Amino acid sequence: MTVARNQQICVEETPYYHIVSRCVRRAFLCGEDKVSKKSFEHRRQWLIDRIKQVTSVFAIDVCSYAIMSNHFHIVLKVNSTKEWNATQVLMTWCSLYSLPVLCDRYLKGEIETEAELRRVKEYVTEYRARLASVSWYMKSINEYVARMANEEDKCSGHFWESRFKSQALLDERALLTCMAYVDLNPIRAAMAKDLKDSDFTSIKERIEMKSTWLSGFGKGDNDLPFYLSSYIDLVDETGRCLRNDKRGYISLRIAKTIDAIGINPDTWLDELKGFKSIGFSAVGTAEQLNEYSLKTKRKWTLGIKLTPALE
């Protein structure tokens with residue numbers, strides 16, 4: 001039985017979520033279909049372009065992403081829209097969707113009655129919530145890509161497998177583990193040997209681009225709680241360890257980096273290899289999983305319990 005999205009996402013508990021969306025009917029998001037010999041590589045850029053556009057509108061940031069052959073991973077940070085005024089909400093929403101006539105009149109200063117103003121405020125409240133909603137964010141991406149793919153395939157029906165899957169990342173350890181897991185997907189799948197060959201991933205974009213639309217790193221209020229150089233070094237070394245032709249070894253320098261945020265260097269590789277993207281609604285310690293269950297009003301939460309760091 002599926003679980004209501006409001007019982008899976010609790011922004012008050014954590015703003016970070018790992019999202020996975022997968023295709024149906026043997027459909028290829030990207031890559032080459034070995035049966036028909038048709039290439040769908042161009043669809044990777046469709047998806048990235050749409051993610052960029054939608055991210056520029058919603059109060060949601062992208063921490064990492066990986067576009068695979070028949071699915072994609074994305075790690076999101078949900079921000080607040082409480083400080084947005086009515087005009088900002090309506091102008092932002094209409095950059096993706098059309099507005100009701102009443103809202104258009106409000107933006108033009110043509111509202112004349114209290115009843116009209118009350119209705120506009122109701123619209124603003126609705127759109128404000130949507131602009132910070134993971135469900136609406138993913139709908140704006142997946143629906144657009146599905147329409148383009150169906151038009152190209154000259155067919156109709158579902159393109160994505162049911163609804164997207166989401167995981168709550170309950171602390172910095174869970175966030176770092178999940179981001180590394182996502183960025184290393186092409187290496188784990190033997191699609192790339194190292195980071196520079198990991199096409200259509202956030203880690204390659206961060207390495208190659210001087211400026212990026214992705215979430216920043218640092219110690220600012222809106223930044224990811226790590227430093228970019230340390231994260232790239234960690235992902236690079238971990239990727240080498242995950243390859244069959246390389247000896248699994250984490251250097252002392254990297255070990256100190258992950259130990260500083262409470263990750264046991266001796267169990268890091270095991271945690272990463274044991275990370276599951278499907279079937280688990282949250283990632284964190286046993287105490288965090290229990291608290292998250294209470295906050296989302298669920299009797300239990302099927303989650304990944306991270307190994308505590310050494311004292």
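1. Basis of the note. The model is predicted; local features need pLDDT of at least 70 and side-chain atom pairs count only at pLDDT 80 or more, whereas totals for chains, interfaces and linings use all residues. Residues are numbered from 1 along each chain as its sequence is written, and side-chain values use heavy atoms, with hydrogens and water left out.

2. Overall content. The protein has 12 helices and six strands; these are DSSP runs, helices being H or I of at least four residues and strands E of at least two, numbered from the N terminus. Of the 311 residues, 50% are buried (under 20% relative accessible area, with exposed over 50% and partly exposed in between; 1.4 Å probe, protein chains only).

3. Surface and contacts. Among contacts with a separation of 6 or more, 67% join residues 24 or more positions apart; contact means heavy atoms within 4.5 Å.

4. Helices α2 and α4. Helix α2 (residues 86–93) packs on helix α4 (residues 114–130) at an angle of about 65°, the axes being 9 Å apart. Axes are lines fitted to C-alpha atoms, for helices over the stretch in contact, and angles run from 0 to 180 degrees between N-to-C directions. The crossing is left-handed (the near helix is turned anticlockwise from the far one by less than a right angle; right-handed if clockwise). Ala86, Val89, Leu90 and Trp93 of α2 meet Val120, Val124, Tyr127, Arg128 and Arg130 of α4. By class, this contact has seven nonpolar, no polar and two charged residues (Ala, Val, Leu, Ile, Met, Phe, Trp, Tyr, Cys and Pro count as nonpolar, Asp, Glu, Lys and Arg as charged, and the others, Gly among them, as polar).

5. Helices α6 and α9. The axes of helix α6 (residues 172–183) and helix α9 (residues 228–242) come within 10 Å and cross at roughly 55°. α6 is therefore oblique to α9 (angles under 35 degrees count as roughly parallel, over 145 as roughly antiparallel, 65 to 115 as roughly perpendicular and the rest as oblique). This crossing is right-handed. Leu176, Met179, Ala180 and Asp183 in α6 contact Tyr231, Leu234 and Val235 in α9, giving six nonpolar, no polar and one charged residues by class.

6. Thr257. This residue lies in helix α10 (residues 252–259). Thr257 is partly exposed, at a relative accessible area of 29%. Thr257 and Tyr231 are 26 residues apart in sequence, and their C-alpha atoms are 8.8 Å apart in space; Tyr231 is also one of the α9 residues that meet α6.
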